[in-house]
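Work through the exercises below with the sequence and the coordinates open beside you. Each task is followed by a solution that goes step by step.

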Amino acid sequence: MTDQKLLFENLVSELRRGSLILSVLALLRQPQYGYSLISGLEAFGIAIEAGTLYPLLRRLEKQGLLSSEWAIDQVRPRRYYVLNELGKQTLTHLSDEWQRMNKAMDQLIQAPSSEQGG
Amino acid sequence: MDLIDRYIYAVTRRLPTEQRSDIEKELRGLIEDMLAASADLATKSASGPASDQTNATIRVLKDLGHPALLAARYRGSSQHLIGPEIYFLYTMVMKIVLLATGGGLLIAMIVSLITGAGGNPFTIILETLGSLISGLAAAFGWVTLVFAAIERFSPEKIKLDRDDIFDPLDLPEIPAKKDRIHPSDPIASMIFMLIAMVVASFVPRFVGIFWLDDPASNFIPLFNSAVFMMYLPFILATMAITLTREIGKLVSGRWTLGLALLSLGVEIPSLILTIVMMSNKDLFNDAIFTQIFAWLHQSDPFYFDLPMKILVGRIVIGLGVFGFVVEAVKTFVFWIKRAD
């Protein structure tokens, strides 16, 4: 039973992993720092590990989708990330793809099982 | 606070120097953010503030995960010296190389013990133990270095890294039977080459004439030890280059024009070395020729225009050049066929 549960959890986290970048990009239309992203995603019911998110931000920046700057006028210095032009385009493309996939998945899941066999 | 410092240090020491200070600053801020958030939740809790803070820190750091894992995520790119695609070849070659080197050294020990050319048996055994340690370490290092280079620079790997779109039309033709390199070919060459390397290191002790002249055993080396030893590093280096080529053949598994040209190019240093060595008239040990002529009851090799050792040297050079020309012609023919 525990093995099954573990398998299930692995599958779920694999499923989530794919949508992670899209959700992060979506929030980054507004400038965000690391922790504000975590709580922002949580507000939408999306859980993300801090240890995954922080390195992901740097990677997205390195890939040229984000720009970042230090804000030092606050309680503690924070690095704010925001979509740049390429990031915005990428978000649009990814969102379209997401919609398309969502529709397809809905149909696939709701399709009667007899049709799947054909 | 101390825990946080320890955590950040454990992460940043695993990162490239130029990123350290920036990631450290960011990570510290993030941890403090996370702590502040958990403090908001904890104000309702009843336990003492000091232990409370430590507990909160522990929870936050646990959330972030093992520092090594976090650092790996920051680094992003894959972090291995030798990847899974060639790892099985690496272990295979490593086994062969270590066995052949160890075996070669043991053979060297036995021969030295029999000929008595290396001094007393105890010294020989101790020496062999010493060479085993340094020889095996060198072999291990060399194989690892070659495979790390293949991992890094082989064209196929570079393509995989760039995530290029795979085009089935780019798939190489199945090599014609004659173009295939069966693993046994490079493996045999490698074993031979390694044993040759070990033997080369002991040449002054091995190569020569050995006879029993009851009760004593006699050994006259073919080469002047001092002169030969001067060349030894170059001999070993050219052999190491050849060994590398054999590993390349094993990994490639097929003859390509590039491999054939490279293979020929690798012969050039050995050819040059052969010519240089064999042209050195001090290389050969005069005593061995005197002994041979004594056996032939010829006190003087009057029927040779040239001293014996120069003749021997020229014959070896001739053979070397001949072998190289044959290889070159084979490569050229391969090239012509490719061009069709």
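From the N terminus on, the elements of chain A follow the order α-α-α-β-β-α-α, which comes to 5 helices and 2 strands, where helices (H or I, at least four residues) and strands (E, at least two) are DSSP runs numbered from the N terminus. The model is predicted, so that local features need pLDDT of at least 70 and side-chain atom pairs count only at pLDDT 80 or more, while totals for chains, interfaces and linings use all residues. Residues are numbered from 1 along each chain as its sequence is written, chains are lettered from A in the order in which they are written, and side-chain values use heavy atoms, with hydrogens and water left out.

**Exercise 1.** Describe the course of helix H1 of chain A and what covers its buried residues.

Solution. Begin with the span: H1(A), residues 2–27, has 26 residues and reaches 35 Å from its first C-alpha to its last, close to the 38 Å expected at 1.5 Å a residue, the expected span being 1.5 Å times one less than the number of residues. Next, locate the kink of about 40 degrees, which is centred on A:Ser19; the bend at a residue is the angle between axes fitted to the seven residues ending there and the seven starting there. Then turn to burial (under 20% relative accessible area is buried, over 50% exposed, in between partly exposed; 1.4 Å probe, protein chains only): the buried residues include A:Leu20, A:Leu22 and A:Val24. Finally, the cover of the buried residues includes helices H2 (34–43), H3 (50–62) and H4 (85–110) and strands E1 (66–71) and E2 (78–83) of chain A.

**Exercise 2.** Determine how helices H10 and H11 of chain B are arranged.

Solution. Helix H10 (residues 225–252) and helix H11 (residues 257–279) of chain B pack at an angle of about 165 degrees, with their axes 10 Å apart. H10(B) and H11(B) are therefore roughly antiparallel to each other, a term for angles over 145 degrees. In the contact between them (heavy atoms within 4.5 Å), the residues of H10(B) include B:Phe228 and B:Arg245, and those of H11(B) include B:Ser263 and B:Leu273.

**Exercise 3.** Is B:Ser263 buried or exposed?

Solution. B:Ser263, placed in helix H11 of chain B, counts as buried because its relative accessibility is 9%. Not counting residues up to four places away in sequence, B:Ser263 touches B:Arg245 and B:Trp255.

Definitions and conventions. Axes fitted to C-alpha atoms, helices over the stretch in contact; angles between N-to-C directions. Parallel < 35°, antiparallel > 145°, perpendicular 65-115°, else oblique.
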